[in-house]
Amino acid sequence: MTKKKNLGLGIDIGGSGIKGAPVDLEKGRLADERLRIPTPQPSTPEAVAEVVGQILDHFDWKGPFGCTFPAVVQHGVTQTAANVDKSWIGADAQKIIHAATGRKAIVVNDADAAGAAEVEFGAAKGHKGVVAVITLGTGIGSALVHRGRLMPNTEFGHLEVDGHDAETRAADSAREREELSWEDWGARLTRYFGVLENLIWPDLFVVGGGVSKKFSRWHPYVQTRTPMVPAELLNEAGIIGAALLAESD
Ligand code: BGC
């Protein structure tokens, strides 16, 4: 597929799967069925870059593309690796992926990509204020957007709350690991979002991650001053946002 106007390609690199698809950037949706390949273990930069190349080949994609990564990505360099192979720390992800695939990659934080997509096409479409998009999964990801402009790498999942790294107690993985009821997990989320909203005073929280599909089960147990809505693009937000951010780079 050669690059057509309004068509991009996004790849979402996660701890268990690497997913990609062409994206219709006008409508904000996938333009073809997405391809998912399990993340190689160990998930070293070279092994992951090879899978990214397979996804590009599958769609016969020759142009630049966007790629998410579940850690801080500063100017294409992965600076942290909370839930992925530590060999990514300090790696020039953009260069490594470019070298392995022969196509220019724009690499961004996964929650930033999801946030950009939700503000452009999803739950916070056209919002004029401060939107905090928080993803609850293995870790907690965050994206802060003001008047449509993203401030990257906010890392609010690592706020210290009651002496703990917040994501170790409030991520969806903590709920599963500790077999918390919706009510007990809701109490932890109330505490987490309370600390966060006292620091950044957003106008809206958009909550993403797989568990946002069950929003009505747990949201009644979460009390915040700030309105909270579930993400709309669900597991496609990363792919769509990656393609979007690559286009606007
Ligand atoms: C990482 C973030 C990432 C989030 C969600 C956190 O552990 O530090 O960079 O966005 O997990 O994957």
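Biologist: In which hand does helix 1 pass helix 2 in a crossing, right-handed or left-handed?

Modeller: This is a predicted model, and in it the crossing of helix 1 past helix 2 is right-handed. Helix 1 covers residues 45-58 and helix 2 covers residues 93-101; their axes lie 9 Å apart, at an angle of about 50°.

Biologist: Why are helix 1 and helix 2 called oblique to each other?

Modeller: Angles of 65 to 115 degrees count as roughly perpendicular, and those under 35 degrees as roughly parallel. The angle here is about 50°, and the two helices are therefore oblique.

Biologist: Which residues make the contact?

Modeller: Helix 1 contributes Pro 45, Ala 49, Glu 50, Val 52, Gly 53 and Leu 56. From helix 2 come Ala 93, Ile 96, Ile 97, Ala 100 and Thr 101. By class, that contact holds 8 nonpolar, 2 polar and 1 charged residues.

Biologist: At what angle do the axes of helix 3 and helix 8 cross?

Modeller: Helix 3 (residues 110-121) and helix 8 (residues 237-247) cross at roughly 85°, and their axes come within 7 Å. These helices are therefore roughly perpendicular to each other. The residues that meet include Ala 113, Ala 117 and Phe 121 in helix 3, and Gly 238, Gly 241 and Leu 245 in helix 8. The classes in this contact are 10 nonpolar, 3 polar and 3 charged.

Biologist: Now the strands. How many residues of strand 5 are buried?

Modeller: A residue is buried if 20 or more other C-beta atoms lie within 10 Å of its own. In strand 5 (residues 65-69), 5 of the 5 residues are buried, so the strand is largely enclosed by the rest of the structure. Phe 65, Cys 67 and Phe 69 point one way, Gly 66 and Thr 68 the other way.

Biologist: Which strands pair with strand 5, and in which sense, parallel or antiparallel?

Modeller: Strand 1 (residues 7-13) pairs with strand 5 in the parallel sense over 3 bridges, and Asp 12 has Thr 68 as its bridge partner. Strand 8 (residues 105-109) also pairs with strand 5 in the parallel sense, over 5 bridges; there Gly 66 is partnered by Ile 106.

Biologist: How is strand 9 placed, and what does strand 9 pair with?

Modeller: In strand 9 (residues 130-136), 6 of the 7 residues are buried, so this strand is largely enclosed. Strand 9 pairs with strand 10 (residues 140-146) in the antiparallel sense over 7 bridges, with Val 133 opposite Ala 143. The two form a hairpin with 3 residues between them. With strand 14 (residues 204-208) the pairing is parallel, over 5 bridges, and Ala 132 stands opposite Phe 205.

Notes:
Residues numbered from 1 in each chain as written. Predicted model: local features only at pLDDT ≥ 70, side-chain atom pairs only at ≥ 80, totals over all residues. Axes fitted to C-alpha atoms, helices over the stretch in contact; angles between N-to-C directions. Helix = DSSP H or I, 4+ residues; strand = E, 2+ residues; numbered from the N terminus. Parallel < 35°, antiparallel > 145°, perpendicular 65-115°, else oblique. Left-handed = near helix turned anticlockwise from the far one by under 90°. Contact = placed C-beta atoms within 7 Å. Nonpolar A, V, L, I, M, F, W, Y, C, P; charged D, E, K, R; others polar. Buried ≥ 20, exposed ≤ 12 C-beta atoms within 10 Å, placed from the backbone. Pairing = 2+ DSSP bridges.
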